[in-house]
Amino acid sequence: MLIDSHAHLDSPRYSDDRPEMLQRAASAGVGAILSIGIGEGPAEMHQALAICREFNGQPGMPRLYASAGIYPHSTPEADEAAFAKLDGLLAEPEVIACGEIGLDYYHEGADHDVQRAGLVRQLEVAAARKRPILIHCRPRDGMVDAWDHLFLTLDTYWRHTGLGGVMHCFGGGWEQARRSLDMGFFISFAGNLTYPKAQPLRDVAAQVPLDGLLVETDAPWLSPGSNRGKRCEPAMVADTAGVLAAVKGVDAEEIAAGTTKNFERLFSLRPGVGN
Ligand SMILES: [Zn+2]
């Protein structure tokens with residue numbers, strides 16, 4: 001069994017075939033999916049939870065979990081009502097994580113100060129609800145400023161909670177991976193790990209211990225391997241896990257079992273979370 005630790009199941013790109021897409025994931029051995037609740041902004045934060053409730057319990061489906069959070073470039077919309085909505089969602093049993101939240105200095109958008117303030121507020125909400133966080137961190141090319149600001153913020157507002165989290169779609173170097181692991185975070189690799197030019201990222205993955213790893217699709221984006229360019233879906237997480245196994249020099253089964261155990265440990269789930 002594999003767990004896709006990050007997929008945007010509420011994307012409109014699945015509106016025509018969401019049940020079939022989830023069944024394909026189950027057939028490919030995906031036992032659980034963490035559905036990311038950011039939507040196109042705080043007004044859509046609840047959509048991932050709604051999808052969990054629609055499909056959980058139906059036969060032949062992966063077990064679905066949800067997150068809720070305000071994406072870095074949505075932080076200008078983060079008013080008191082949005083933080084209250086986030087708090088309410090994190091109180092729901094299916095909503096096991098706060099995210100994806102963080103800092104994105106790569107794309108044009110929200111002012112960096114606004115992003116940092118939005119991140120801090122969400123760390124406080126997540127800490128009060130005892131929910132691990134899912135971090136999106138993307139610096140400008142050739143820079144590490146976003147990472148440095150992120151670690152400074154986490155050191156002050158998050159480390160002491162001991163709740164940890166996930167560095168989602170990890171794209172940093174070994175220095176950033178090491179600092180993340182030190183703070184109790186898991187490193188989650190997505191389809192970009194499989195791309196021909198990603199050897200530096202594979203070199204980082206080779207150094208991350210098995211008990212610090214997760215796999216994800218970030219669907220509908222970042223299709224791995226031979227599916228690159230197509231719409232991504234959780235069934236494809238096996239391709240990324242396969243490359244991770246090769247990079248680590250272990251069996252695919254060992255990656256599947258290890259990353260599943262890690263996911264269960266981070267979110268304090270009982271073992272065997274599949275339906
Ligand atoms: Zn994402």
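The legends below describe close-up views of a predicted model.

**View A. Protein donors of the zinc ion.** Four residues supply the donor atoms: His6 (NE2), His8 (NE2), Glu100 (OE) and Asp218 (OD), at 2.0 to 2.4 Å from the zinc ion. The angles among these 4 donor atoms run from 84 to 174 degrees, and the site is irregular. Along the chain, the donors are spaced as H-x1-H-x91-E-x117-D.

**View B. His8 and Asp218 at the zinc ion.** This pair of donors links distant parts of the chain, the two residues being 210 residues apart. His8 sits in the loop between β1 (2-7) and α1 (18-27), and Asp218 in the loop between β8 (213-215) and α8 (237-248). His8 and Asp218 are both buried.

**View C. The largest cavity and its lining.** The structure holds 1 cavity of 30 Å³ or more. The space in the largest cavity is about 30 Å³. Its lining consists of Ile135, Cys137, Trp147, Met167, His168, Cys169, Phe170 and Gly171. By type, 6 lining residues are nonpolar, 2 are polar and none is charged.

**View D. Cys169 and Cys232.** Cys169, one of the residues lining the largest cavity, is buried at 18% relative accessible area. The closest cysteine sulfur to that of Cys169 belongs to Cys232 and lies 10 Å away, so the two are too far apart for a bond.

View E. Cys98 is buried, with a relative accessibility of 0%. With a cut-off of 2.5 Å between cysteine sulfur atoms, the model has 0 disulfides.

Terms used:
Residues are numbered from 1 along each chain as its sequence is written. This is a predicted model: local features need pLDDT of at least 70, side-chain atom pairs count only at pLDDT 80 or more; totals for chains, interfaces and linings use all residues. Side-chain values use heavy atoms; hydrogens and water are left out. Buried means under 20% relative accessible area, exposed over 50%, partly exposed in between (1.4 Å probe, protein chains only). On a 1 Å grid over the protein atoms alone, a cavity is a set of points where a 1.4 Å probe fits but cannot get out, and a pocket is an open set with protein on both sides within 12 Å along at least five of seven lines; lining residues have an atom within 4 Å of a point. Grid points are joined across faces, edges and corners, and a volume is the space filled by probe spheres set on the points. Ala, Val, Leu, Ile, Met, Phe, Trp, Tyr, Cys and Pro count as nonpolar, Asp, Glu, Lys and Arg as charged, and the others, Gly among them, as polar. Donors are N, O and S atoms within 2.8 Å of the metal (3.2 Å for Na, K and Ca); water is not among the atoms, so sites may look incomplete. Four donors count as tetrahedral if all angles lie between 85 and 135 degrees; four count as square planar and six as octahedral if opposite donors are over 155 degrees apart and all others between 65 and 115; anything else is irregular. Helices (H or I, at least four residues) and strands (E, at least two) are DSSP runs, numbered from the N terminus.
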